[in-house]
Amino acid sequence: MAKIEVKVPQLSESVAEATLLSWHKRMGESVTRDENMIDIETDKVVLELPAPESGVIAQIIAADGATVVAGQVIAIIDTDATAMASPLPVTAAPVQAEAPAAAAPAAAAATGGSKGDVAMPAAAKILSEKGLSATDVSGSGKDGRVTKGDALAAGAKPAAAPAAAKPAPAAKPALQQVAAPAPKLGDRPEERVPMSRLRARIAERLVESQSTNAILTTFNEVNMKPVMDLRNKYKDKFEKEHGVKLGFMSFFVKAAVAALKKYPILNASVDGNDIVYHGYFDIGIAVGSPRGLVVPILRDADQMSIAEIEKKIGEFGAKAKEGKLTLEDLTGGTFSISNGGTFGSMLSTPIINPPQSAILGVHATKDRAVVEDGQIVIRPMNYLAMSYDHRIIDGREAVLGLVAMKEALEDPARLLLDL
């Protein structure tokens with residue numbers, strides 16, 4: 001009988017620990033080589049752990065929610081075993097595959113039955129507070145697992161009525177503990193859940209940014225009509241030629257690169273008492289995902305065409321939605337762009353993404369009354385905000401850099417002629 005250890009893969013140098021999110025297999029189930037066994041969350045990405053060999057899961061050592069490190073053994077695969085008719089649910093404690101048959105009912109009872117009625121960690125806490133067990137609730141999760149929503153929707157367990165005809169037990173303890181009823185919150189419910197690793201890391205980095213950088217924000221407004229006219233004129237031909245829609249973010253990326261070339265300090269970073277000037281332009285694009293804000297990197301954006309930028313941004317958006325972004329996608333970056341306008345934001349002060357020294361905030365484009373040549377006219381205006389580290393970037397460079405972006409957007413031909 002050959003047993004193969006399933007280990008946590010090597011994490012990046014900056015990631016010390018990870019969390020097991022959800023086992024896709026249970027003890028006794030068969031698994032094929034390279035099939036995803038479990039999702040592992042780091043503070044940057046969610047990794048899929050493929051099976052190293054085909055076989056049967058003989059032991060699960062670390063259950064959902066466990067904190068693990070690189071190289072840690074979390075399961076055992078038996079390459080010679082046969083899959084069980086009724087696989088065992090995932091448990092928090094190690095369970096030996098070769099345990100006597102009599103131990104199986106006990107293990108099933110401890111976890112809520114062989115049907116898979118297992119409470120997820122957050123759900124288990126809620127059920128405990130309500131005096132319920134996993135067997136009292138019908139699970140809607142994978143393999144019948146009880147989710148947090150199931151636990152919240154479940155009512156408190158009613159007290160059992162004494163049976164008059166039932167004889168008293170031979171031995172009864174003097175005091176019997178009864179589970180306290182769940183507090184009645186009425187119309188003021190509360191819920192406490194732990195932060196995901198990504199959310200905790202985002203919080204840490206944002207606090208670090210505001211603690212270590214001298215952040216200042218400068219604003220300007222840009223008339224988006226020239227870009228909108230150009231887009232409306234060519235968007236159909238563009239999509240037919242390149243297979244991707246022509247959006248606005250590619251213009252902001254190109255305008256930012258043009259400004260960074262003129263004012264290299266905006267593309268620099270601080271390392272101790274040194275200023276590091278980067279001779280390349282890796283632009284981070286802030287993207288919302290179900291797990292939180294992520295910033296994948298457009299590498300060498302100055303060498304990318306409008307079509308290449310649009311394709312890459314679309315790819316990042318799809319991967320973020322599916323949780324498929326890799327560490328390589330998120331590592332590095334010399335300047336960032338955050339588009340709050342997608343959600344309707346009119347104005348904001350974006351926070352610098354360390355170790356970068358500046359970030360551009362883009363907002364919603366709205367028709368506004370502006371003055372041109374002494375006349376009040378209606379133009380589609382967008383407010384731009386650039387936050388910068390005042391330790392190395394003076395107001396002059398920041399303001400002129402933002403003006404350069406404004407000029408490029410109001411005259412897109414500049415981007416083609418490198419003016």
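E410 is partly exposed, with a relative accessible area of 28%, where partly exposed lies between buried (under 20% relative accessible area) and exposed (over 50%), computed with a 1.4 Å probe on protein chains only. This is a predicted model, in which local features need pLDDT of at least 70 and side-chain atom pairs count only at pLDDT 80 or more, while totals for chains, interfaces and linings use all residues. Residues are numbered from 1 along each chain as its sequence is written, and side-chain values use heavy atoms, with hydrogens and water left out.

E410 forms a salt bridge (a side-chain nitrogen of Lys or Arg within 4 Å of a carboxyl oxygen of Asp or Glu) with K406, the closest N and O atoms being 3.0 Å apart. The two residues are 4 apart in helix α9 (residues 395–410), and are therefore separated by about one helical turn; helices (H or I, at least four residues) and strands (E, at least two) are DSSP runs, numbered from the N terminus.

In one of them K25 joins E35 at 3.1 Å between the closest N and O atoms; K25 lies in the loop between β2 (18–23) and β3, and E35 in the loop between β3 and β4 (36–41), so the pair ties together parts that are 10 residues apart in sequence. K25 counts as buried at 15% relative accessibility, whereas E35, at 26%, counts as partly exposed.

## The open sheet

An open sheet of 4 strands has the order β1-β8-β6-β3, with antiparallel pairing, where pairing requires at least two DSSP bridges between two strands. Strand β6 (residues 55–60) is joined to β3 by 2 bridges, and 6 of the 6 residues in β6 are buried.
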